[in-house]
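Please open the model shown below in a viewer and keep the selection panel at hand.

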Amino acid sequence: MAVIKTEHLTYIYGAGTPYEKRALDDINLSIEAGEFVGVIGHTGSGKSTLIQHFNALLKPTSGKVYIDGVDVWAAGKAALQGFRFDVGLVFQYPEHQLFEETVYKDIAFGPRNMGLSEREIDERVREAAHYVGLTEAMLDHSPFEISGGQKRRAAIAGVLSMRPKVLILDEPTAGLDPRGRDQILRLIADYHRTTGSTVLIVSHSMEDVARYASRILIMNNAKVHAYLPVREAFSDPEVLMNMGLSVPPITRVFHRLSQKGLYSGPEVLTLEEGKAALKAMLGGAKDA
Amino acid sequence: MDNIIQTEGLSFRYEGSDTLALNNITLSIERGSFVAVLGHNGSGKSTLAKHFNAILTPTEGSCHIDGIDTREQDRLYDIRRRVGMVFQNPDNQIVATLVEEDVAFGLENLGVEPQEIRRRVDQALEVVGMEAFKLHAPHQLSGGQKQRVAIAGVLAMRTECIVFDEPTAMLDPRGRAEVMEAMKHLNRNHGVTVVLITHFMDEAAQCDRVVVMDSGSVVLDDSPERVFTQIGALRSLGLDVPQVTEFADLMRRSGINLPEGILTEEACVAEIEKLLTARQ
Amino acid sequence: MLKDITIGQYFAGDSLIHRLDPRIKLILTMLYIAMVFIPTNPAGLIAVALFVVACYGVSGISLSTVRRSLKPILPIVVFTTILNIFFIEGRVLVNLGFVQITYEGLLVSALMVLRIVCLIAGTSLLTYTTSPIALTDAIERLFAPMRRIGVPVHELAMMMTIALRFIPTLIEETDKIMAAQKARGADMESGGLVDRVRALIPILVPLFVSAFRRALDLATAMECRCYRGGEGRTRMRQMQLMPRDMVALVVTVAGLAGVIMLNGWLPSVYG
């Protein structure tokens with residue numbers, strides 16, 4: 001069943017002012033539970049506006065958003081908070097929103113807003129801390145005294161602690177060093193695998209998207225350009241490049257080889273696939 | 001004097017800390033070169049960069065800029081007009097409310113004549129391709145454009161060397177490409193020495209030289225071809241290599257003879273082509 | 001979006017008034033304020049009103065724009081007008097028993113409303129036709145002599161510039177932090193006063209932390225670009241008085257003199 005669904009979703013910023021801008025234009029989408037979706041699109045394509053509709057932070061100018069089959073804006077104002085707990089949204093540079101005295105209290109902010117008991121809160125804080133790899137000792141530290149990578153993980157835990165059915169992350173690796181990027185991506189992939197929850201990740205890194213996502217949502221000029229399995233999305237690098245996007249370097253290499261008539265297999269997305277493909281090509285050449 | 005920057009046994013300790021942030025660094029940056037500095041967060045690369053225009057001065061050892069010791073307090077502005085800096089967050093380094101006023105900021109501080117400021121501001125904006133935006137407010141610009149304005153502000157001071165401290169970390173791919181282009185253009189066509197601190201290996205691969213830092217020391221210092229061959233060492237330092245370099249390494253390890261030093265997709269395609277023709 | 005709000009509501013343009021030297025415009029505005037308060041008779045104030053309408057005509061800015069500036073002070077205007085109408089004694093026009101409306105009361109109220117409208121319209125014209133930067137610059141230069149008596153004119157102007165520069169950035173940041181905390185279930189719209197104040201903590205703490213970080217970054221960046229205060233600093237933008245500035249000054253001074261003379265010739269409504 002679709003966990004998130006939109007019907008003719010349109011959003012216009014500053015309607016009636018000189019700054020009026022159509023940020024989303026007739027979006028019809030259906031995201032199945034359990035998917036790992038990579039959301040790509042250049043800056044200003046509408047992807048940030050879209051994900052803020054998925055957890056009821058923005059109200060559509062027209063059209064509908066359904067979470068778990070429920071029409072979000074028909075349910076009344078009191079229900080909105082509930083949708084935000086169902087769909088956890090981690091903003092860009094989430095560590096900039098840390099505010100509590102301790103990491104523990106900050107991670108507990110969401111569960112506390114849910115009105116849970118202290119015992120339940122405690123359980124969730126520890127579970128979330130475990131997912132992001134923060135130690136028990138770290139929970140008592142001030143969130144302003146830990147390292148940059150730890151801050152990022154603490155902030156992500158602050159959303160995981162709500163046990164959302166859908167986890168959306170807006171460029172979770174922005175500004176990190178390679179080790180930090182790897183750690184964050186791996187913990188998200190692990191979280192997806194163990195909980196089976198739906199994950200959407202907005203990213204500029206096609207390598208990361210190719211490695212982790214099962215489907216890709218491509219946004220372009222306020223519209224959904226495509227929503228399809230990763231392999232199909234990268235099958236035509238030129239289309240993506242014309243939209244100001246790119247494909248992983250290894251995909252481009254094999255794409256160029258196939259243009260030269262040297263390779264004729266499916267698109268290569270990862271190093272392992274590249275290795276297999278090149279071996280086959282050389283093996284084939286040897287036999288010939 | 002061939003080296004714009006020269007450090008000798010430079011060590012630095014932050015006040016109140018008991019470990020050295022920089023440990024005995026001897027490094028020279030040749031005039032006109034394009035040098036990348038890599039290292040994970042906390043490896044000391046930003047601390048080192050801050051020595052290059054006397055924001056910090058060595059606890060031990062020395063740092064000379066164009067022959068001037070950075071500890072000579074009365075020559076601070078001679079140092080800063082030679083080596084400029086561009087920082088990571090494009091929002092936090094633009095002072096003025098108009099692009100051209102911001103580019104003029106440094107020159108105004110130096111007391112340059114108004115007509116001369118106007119001339120150099122226009123020139124600098126042209127070099128970075130931002131002349132059409134000179135009357136825009138900074139918040140109307142994209143991240144890449146803001147960084148280009150910051151570059152123009154440094155360039156207008158006739159800086160010989162620009163140190164970029166992760167200038168693309170907060171940008172989208174388009175912005176990153178813009179800034180990378182601007183840096184290359186400055187280096188090639190205007191003879192500006194560029195020191196680029198970055199976390200992006202594909203950017204470092206485009207430089208003439210790569211310096212790798214770890215816990216306050218320089219651990220590798222060579223051409224990108226040679227540095228990126230040492231994949232294991234880089235990995236253990238929390239770094240990465242360009243994807244095609246990693247691919248070539250993976251192939252070599254499974255017995256397919258792609259040469260070392262492949263850094264770009266073009267090179268990778270060409271080498272695979274060679275292999276295929278050789279086998280036939 | 002919050003970030004589209006700009007400070008000072010400047011309308012870019014190329015009219016004669018836009019092109020006047022901002023220093024002169026500041027002085028003219030001060031003269032104009034005097035002009036608004038001097039008239040003690042309807043004729044003088046109507047002349048001032050015609051003057052400001054003419055200025056709007058020259059500037060190319062629609063008079064209806066003024067309505068927006070008037071809105072916030074409307075309650076005060078209405079309140080004082082009512083007081084004036086009912087409490088000034090004189091020839092009774094309407095007698096409601098417990099209060100009476102007098103001819104003098106009406107006249108004084110009408111003049112007061114016109115005075116306030118003229119004041120707002122005239123001073124708004126300054127911010128409508130002068131960019132915040134030009135205004136800051138003009139203030140710095142006009143008040144530069146006060147440095148000798150210890151007023152940190154340059155520093156104040158630099159602070160104003162930086163504030164203007166960062167207001168859009170911080171507004172955008174506030175937007176983002178609010179959205180992020182709402183995403184964690186923060187409730188900012190319900191509850192009593194104490195709850196609402198408490199609900200601000202998750203917004204204010206990150207905002208202060210961020211503003212502080214930005215300030216540190218900016219200070220370093222300014223240092224890197226050789227900033228060392230106002231001493232020995234030159235400016236790219238030069239301000240030069242043009243014939244048109246002189247003409248504007250003469251016209252305004254003549255207007256001021258005219259209003260003063262009218263006061264002498266005509267009887268004052270204030271008795």
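**Before starting**

This is a predicted model, in which local features need pLDDT of at least 70 and side-chain atom pairs count only at pLDDT 80 or more, while totals for chains, interfaces and linings use all residues. Residues are numbered from 1 along each chain as its sequence is written, chains are lettered from A and ligands numbered from 1 in the order in which they are written, and side-chain values use heavy atoms, with hydrogens and water left out.

**Stop 1: chains B and A**

Select chain B and chain A together. The contact (heavy atoms within 4.5 Å) involves 34 residues of chain B and 33 residues of chain A. The two chains bury about 3,100 Å² between them, 65% of it on carbon and sulfur atoms; buried area is the accessible area (1.4 Å probe) that two parts lose on being put together, summed over both.

Four salt bridges are counted between chain B and chain A, a salt bridge being a side-chain nitrogen of Lys or Arg within 4 Å of a carboxyl oxygen of Asp or Glu. To view a salt bridge here, pick B:Glu265 and A:Arg252, whose closest N and O atoms are 2.6 Å apart.

Next, colour the elements of chain B that give two or more residues to the side touching chain A: α6 (173-190), α9 (231-236), α10 (243-253) and α11 (265-279). Helices (H or I, at least four residues) and strands (E, at least two) are DSSP runs, numbered from the N terminus. The most residues on that side, nine, come from α11(B).

**Stop 2: chains B and C**

Now select chain B with chain C. Here 37 residues of chain B are in contact with 29 residues of chain C. About 3,200 Å² is buried between chain B and chain C, and carbon and sulfur atoms give 57% of that area. Eight salt bridges are found across this interface.

On chain B, highlight α2 (76-80), α3 (99-109) and α4 (114-127), each of which supplies at least two residues of the side that touches chain C. The largest share of that side, ten residues, belongs to α3(B).

**Stop 3**

Centre the view on B:Glu100. This residue is buried, with a relative accessible area of 3%; buried means under 20% relative accessible area, exposed over 50%, and partly exposed in between (1.4 Å probe, protein chains only).

Which side chain of chain B meets B:Glu100 in a salt bridge? The partner is B:Arg118, at 3.0 Å from N to O. B:Glu100 lies in helix α3 of chain B and B:Arg118 in helix α4 of chain B, so the pair ties together parts that are 18 residues apart in sequence. B:Arg118 counts as partly exposed, at 29% relative accessibility.

C:Arg237 is partly exposed, at 34% relative accessibility.

**Stop 4: a pair within one helix**

Select B:Lys184 and B:Glu181, a salt bridge with its closest N and O atoms 4.0 Å apart. They are three residues apart in helix α6 of chain B, and therefore separated by about one helical turn. B:Lys184 is buried at 14% relative accessible area, whereas B:Glu181 is partly exposed at 48%.

**Stop 5: the nonpolar cores**

A nonpolar core is a set of buried Ala, Val, Leu, Ile, Met, Phe, Trp, Tyr and Cys residues joined through side-chain atoms within 4.5 Å. Select B:Ile151, B:Ile162, B:Val212 and B:Phe228, which touch the most other members of the largest such core, a set of 54 residues. Helix α5 (residues 143-155) of chain B gives the most to this core, with six residues. Apart from it lies another core, of 49 residues, including A:Leu167, A:Ile188, A:Ile218 and A:Leu269.

**Stop 6: B:Arg209**

Move to B:Arg209, in strand β9 (residues 209-214) of chain B. At 18% relative accessibility, B:Arg209 counts as buried. Its side chain reaches the backbone oxygen of B:Ser28 at 2.8 Å.

**Stop 7: C:Pro145**

Finish at C:Pro145, in the loop between α7 (132-142) and α8 (153-183) of chain C. C:Pro145 is partly exposed, at 47% relative accessibility.

Conventions: A polar contact is a pair of N or O atoms within 3.5 Å; within protein, one must be able to donate a hydrogen and the other to accept it, and residues adjacent in sequence count only if both atoms are side-chain atoms.
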